[in-house]
Amino acid sequence: EPGHGPYQPHEPGYGLYETGYSPKDKQIPEPNTQMLAVQNAKAYLQKSSTASGLNLYDHLANMLTKILDEQPRNVVDIMENISKDVKWSQFQKKMDTLRDEHEILPTFEVAEKRKALFLKAHGEGDEELEDEIADTPLPNVMETAFYFEQAGIGLSKDETYHIFLALKQLISVQPIQTCRFWGKILGLEMNYIIAEVQYHDRAEDEEAEEEEDNEEGGKGMDEEKEGDEDEEKEDDDAPPQSTYKPPPLIPKEDTGTGTNKYIYFVCNEPGKPWVKLPSVTPAQIICARKIKKFFTGRLDAPVVSFPPFPGNEANYLRAQIARISAGTQICPIGFYQFGEEEGDEEEEGIGGRDTYEENPDFQPLSVVEMVDSLSMWVHHTQHILKQGRCVWLNPFQKSEEEEEGEEEEKPEEPEEIQQEIGPPLLTPISEDEGIQNVPAWTAQFSTNLVPQYAVAIIQSNRWPGAYTFASGRRFDNIYLGWGHKYSPENHTPSLPPPVQSEYPSGPEITETNDPSVEEERALQAAQEEALAAAEEEEEEEEEDEDDEEEDD
Amino acid sequence: MEASSLGAALELVSSGGAGLSPEKRAALGASLPLLRRDYRFERVWFWGRIQGLRGAYYIAEGLGADLAAPRSRLYSLNCVEWNLLPPASGEMMAQAEALKGRFQGDPSFEYQLAEAKVADDEKLPEDKQEVVIKEEIRLVATIEQIDKAVGIIPRGSFVKTPLGPVHENRNFEGLSLTEAKKLSSYFHLAEPVNLKNKTLLEKADLDPSTDFLDSLEHDIPKGSWTVQLEKGGMVVVLRSLLWLGLTFYHVPMTKQYGYVYFGTGEKNLDLPFML
């Protein structure tokens with residue numbers, strides 16, 4: 001039938017609504033063939049690709065399904081990406097019938113360890129609960145974390161709580177009298193969480209230390225004796241013995257005094273076992289002052305440096321902890337005071353007083369006073385002398401044992417060593433020197449908006465990462481950083497020492513220049529003159545003698 | 001880090017010890033959206049905090065539609081009132097290179113830099129100039145240096161459109177755990193320097209829409225980034241050793257990532273000795 005449109009056959013628009021009679025119409029105007037064409041197109045679209053096994057029809061269907069399900073914004077702009085994603089998801093199909101093992105991600109292992117922290121150790125009765133609450137060395141880490149958080153310092157609450165529980169675990173395992181969360185030192189592969197403790201029975205620890213010392217001392221003595229015997233045998237043929245005497249070894253301080261006042265435990269993450277750090281020796285401190293190395297996070301890693309560090313990373317860590325503690329542990333003035341019994345000065349030793357106790361009459365200062373004046377804060381850790389110890393020791397004082405061994409050898413005259421004196425304990429921090437133009441400490445309020453509840457915060461500029469807060473009677477120190485001292489200048493590694501001379505140089509073995517030709521000639525001429533003069537004299541003498549003889 | 005996800009992001013970055021107090025966090029939550037409104041930024045990033053001797057600078061960056069365009073930077077001393085910083089110019093950067101030491105904390109503090117010209121002795125007294133640099137300029141130059149040197153993004157998170165501007169890739173679902181541990185999955189958000197030097201073989205594998213920046217693999221010195229998995233793989237944290245204090249975090253298989261700087265604003269020139 002002619003078209004159903006609004007146009008009459010004689011009008012120009014006629015035929016537009018009619019397939020087959022429109023000039024633009026290219027298709028065969030039969031419905032059957034139209035259907036055939038559609039089917040052809042669909043079959044073409046369903047043709048599988050030889051390369052990937054997909055066909056466009058299914059792919060477009062999947063893509064449109066995904067788009068209609070998700071309905072993203074501006075879909076036409078990201079259509080290619082959606083297409084890529086759909087294709088990519090094809091490859092996720094598991095072709096094999098084996099079931100995958102559940103992946104054991106490291107996430108799960110760590111979560112296990114952390115969960116263990118939350119479980120209580122044994123079944124508990126009421127008695128044990130009371131004991132726990134009564135006198136526990138466990139510090140209230142969350143409370144100090146709250147005060148530090150007011151200044152924007154500190155770890156996330158999750159991590160702090162885990163550390164809290166890890167400290168609790170430490171206390172249950174070791175006989176600890178006091179415990180404190182010292183801080184966190186970052187490393188390359190892993191970080192260190194550090195706890196500062198004091199033991200209950202120092203006797204226990206001292207015994208272990210003495211055994212170590214005896215072993216080392218014993219070995220040393222044996223070696224010396226062997227050396228002496230060898231010397232006696234080979235005195236005749238031996239090449240000249242080296243006159244080099246290594247500088248005397250400065251002994252480390254005893255546990256419980258000076259740099260080794262506290263014992264430190266570290267772990268990489270809360271949940272991992274705590275490892276005790278060895279005591280620090282003065283040689284390690286002296287070397288640590290000269291090098292600057294990142295911590296890797298593994299305690300047994302070697303420290304490759306010049307001057308060579310005597311120990312591995314555990315020792316380096318301990319030395320840095322000692323330096324940081326000595327430089328930045330401060331408290332409000334008056335909180336600690338020296339003991340009431342003032343013993344004789346002899347008993348106190350050369351280093352001055354080294355013990356303090358809490359002052360029961362401490363009146364907390366207001367926060368404003370604490371921030372305004374740095375002299376309101378004092379160090380409560382002893383300063384480390386250049387020697388590497390807190391209490392100076394004359395290394396040339398010979399003990400009885402050493403004197404016996406050295407009778408045969410000629411002792412060199414000990415040089416006059418100046419006794420090193422450091423600032424005494426409880427000096428105010430306003431006395432601390434700055435570095436170049438940078439003052440040693442920066443004090444500020446935690447908030448300017450609410451001064452009624454502000455907390456006084458002190459930051460160290462010499463050891464960036466060391467913070468202290470004080471509010472009323474509460475105060476604490478913490479260190480969060482990389483573990484290095486601040487220096488505005490670049491670090492200059494120490495140069496190797498000058499090459500030692502093999503032999504003493506004297507005039508007989510010193511080389512001199514060969515005389516030049518002119519000098520030789522001049523010398524020869526002078527010698528000839530002298531010779532000629534001597535001969536003349538001789539001739540004269542002979543003549544005189546002859547004359548004399550003739551006279552006779 | 002994105003201003004909108006400040007709270008969550010700070011939790012993830014705080015393992016380095018530095019963070020913001022609740023007061024500052026709340027203040028930022030209020031003032032950063034206002035910044036966005038006033039300056040008509042598309043998005044606002046909280047860049048970090050530079051600690052001076054007497055005070056600290058809190059820095060924010062505002063971005064427009066093109067993420068690779070130079071960003072506007074603002075600073076504040078109290079997280080409430082913000083001041084726009086001038087854009088960094090080459091001259092500023094050159095001047096600030098000579099300055100050393102800590103920031104003072106006072107934006108109008110002036111550094112005295114004596115420039116002695118190497119000239120004949122006769123001319124010396126006349127040519128000696130005292131260049132005065134304000135701390136603001138030093139601040140701008142330092143931020144620009146840090147961004148150029150260690151501002152990083154995960155691979156695939158930004159996509160370059162054919163017309164040039166760089167947009168966020170909406171298809172970015174996050175890096176997988178294995179990818180996140182590799183340095184090659186992170187790019188510097190700055191003009192690429194090493195890209196042209198790659199061999200043709202390497203270039204063939206690159207996807208020009210996402211791989212148009214330098215990756216961290218070839219940073220000198222090697223090892224100037226530490227990659228750590230925190231919380232047992234929940235968060236990947238990269239810390240720069242060249243600029244101590246720059247921390248980048250990314251939660252694998254999610255779209256969360258960002259970097260922030262909490263530090264003193266000084267380059268760690270001792271890095272080669274410390275590794």
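I started with charge on chain B, which has 31 positive and 37 negative side chains. The centres of the two sets lie 5 Å apart. Lys and Arg count as positive, Asp and Glu as negative; His and the chain ends are not counted. I placed each charge at NZ of Lys, CZ of Arg, CG of Asp or CD of Glu.

The model is predicted: local features need pLDDT of at least 70, side-chain atom pairs count only at pLDDT 80 or more, and totals for chains, interfaces and linings use all residues. Side-chain values use heavy atoms, without hydrogens and water.

Next, the fold. I found eight helices and 14 strands in chain B (DSSP runs numbered from the N terminus: H or I of at least four residues for helices, E of at least two for strands). Its C-alpha trace spans about 65 × 50 × 40 Å along the principal axes. Of the 275 residues of chain B, 51% count as buried (under 20% relative accessible area, 1.4 Å probe, protein chains only).

Then I looked up Asp211(B). It sits in the loop between helix 7 (200-205) and strand 11 (225-230) of chain B. Asp211(B) is buried, with a relative accessible area of 5%. Its side chain makes a polar contact with the side chain of Arg155(B) at 2.6 Å (a pair of N or O atoms within 3.5 Å; within protein, one must be able to donate a hydrogen and the other to accept it, and residues adjacent in sequence count only if both atoms are side-chain atoms). Leaving aside neighbours within four places in sequence, Asp211(B) is in contact (heavy atoms within 4.5 Å) with Arg155(B), Phe187(B), Leu195(B) and Leu206(B).

Terms used: Residues are numbered from 1 along each chain as its sequence is written. Chains are lettered from A and ligands numbered from 1 in the order in which they are written. Buried means under 20% relative accessible area, exposed over 50%, partly exposed in between (1.4 Å probe, protein chains only).
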